[in-house]
Amino acid sequence: MIKKILVSQPKPASEKSPYYDIEKTYGVECVFRPFFKVEGITAKEFRQQKINLLDYTAVVFTSRHAIDNFFKLAKELRVTIPEDMKYFCVIETIALYIQKYVQYRKRKVFFGTSGKMTDLVPLMTKHRGNKFLVPMSSVHNDDVKNLLDEKGLCHTECVMYRTVSNDFTDEERAHFDYDMLVFFSPTGVKALKKNVPHFEQGDIKIAAFGPATAKTIEEEGLRLDLQAPSKEFPSMTGALENYLKTHHQ
């Protein structure tokens with residue numbers, strides 16, 4: 001039976017988070033504990049990339065970290081983002097997060113439905129006259145670049161943030177008594193082995209958000225029990241609730 005779930009993300013800012021509904025409905029405890037921290041690069045580091053934010057008419061966001069650090073850098077660089085800037089987000093939850101920084105109704109915001117870049121690209125091609133800026137982590141591959149090149153879009157990738165280790169304490173390692181682990185990135189999966197060197201999965205269930213995360217779980221020799229997003233469940237909370245409904249005895 002699943003009683004204690006480790007969610008490798010920061011604790012939700014809102015009390016209305018679906019995770020809290022899941023706790024009440026299924027009598028489980030969700031422990032929010034990121035395996036790594038994301039920190040933005042400095043304005044000085046960004047300038048070294050020789051990129052001018054105002055040269056672009058659209059920004060592509062693949063995560064909330066990208067949004068946070070884009071607007072943080074704009075402020076540090078004393079750049080006023082134009083009213084007509086367009087924003088393309090891989091999924092609606094990320095698009096809605098833009099409201100933290102700008103008035104959503106006044107902006108041109110577009111989003112995909114699956115959380116994958118392949119689903120967002122058709123929307124971007126409808127606006128191919130734009131110059132797209134794609135903020136990324138310091139650790140990334142060329143998948144996005146190659147995809148946009150293939151479609152003939154004018155784009156530039158840039159680094160705006162990096163991941164740093166958020167190591168477990170000895171006490172946390174000693175009391176690693178979870179029934180389920182939920183991962184959202186390959187980095188988090190790899191950090192599991194570092195933080196809990198003698199980890200053995202056994203009956204512990206493992207959930208992954210995104211194909212890259214799922215692939216890393218299998219590469220690390222672990223068993224994948226739940227994967228999101230899917231057409232039916234675009235969010236991890238939706239997929240998790242359905243899993244508990246089906247398996248919770």
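Author: Phe-209 has Ala-228 in strand E11 as its bridge partner. Strands here are DSSP runs of E with at least two residues, helices are runs of H or I with at least four, and both are numbered from the N terminus. E11 and E10 pair in the parallel sense, over 3 bridges; two strands count as paired if DSSP finds at least two bridges between them. In general, the strands of a sheet pair through backbone hydrogen bonds, and the pairing may be parallel or antiparallel.

Two notes on the values come next. This is a predicted model, in which local features need pLDDT of at least 70 and side-chain atom pairs count only at pLDDT 80 or more, while totals for chains, interfaces and linings use all residues. Residues are numbered from 1 along each chain as its sequence is written, and side-chain values use heavy atoms, with hydrogens and water left out.

On to the sheet itself. Its 5 strands follow the order E2-E1-E9-E10-E11, and the sheet is open with parallel pairing. Strand E2 (29-32) and strand E11 (226-228) are the edge strands, each pairing on one side only. From one strand to the next, the twist averages 15°. Angles such as this one run from 0 to 180 degrees between N-to-C directions, with axes fitted as lines to C-alpha atoms, for helices over the stretch in contact.

Strand E10 (residues 205-209) is also joined to strand E9 (residues 180-183) by 4 bridges, and these two run parallel. Val-182 has Ala-207 of E10 as its bridge partner, and Phe-183 has Ala-208 of E10.

Now the helices. Helix H1 (residues 18-26) lies across E2 and strand E1 (4-7), at about 150° to E2. Helix H10 (residues 236-247) packs on the sheet and touches E1, E9, E10 and E11, its direction making about 150° with that of E11. Contact means heavy atoms within 4.5 Å.

Two further helices sit in the chain between strands of this sheet. E9, helix H8 (residues 186-195) and E10 make a right-handed β-α-β unit. E10, helix H9 (residues 211-219) and E11 make another right-handed unit of this kind. A crossover is called right-handed if, with the strands pointing away from the viewer, the path from the first strand over the helix to the second runs clockwise.

Of the 47 residues in the largest nonpolar core, Phe-61, Phe-70, Tyr-87 and Met-117 touch the most other members. A second, separate core of 20 residues includes Val-182, Leu-226, Met-236 and Ala-239. A nonpolar core is a set of buried Ala, Val, Leu, Ile, Met, Phe, Trp, Tyr and Cys residues joined through side-chain atoms within 4.5 Å. Buried means under 20% relative accessible area, exposed over 50%, and partly exposed in between, with a 1.4 Å probe and protein chains only.

For contrast, the model also has an open sheet of 6 strands, in the order E3-E8-E7-E4-E5-E6 and with mixed pairing. Its edge strands are strand E3 (36-40) and E6, each pairing on one side only. There the twist averages 25° from one strand to the next. Within that sheet E4 and E7 pair in the parallel sense over 2 bridges, and Val-59 stands opposite Leu-133 in E7.
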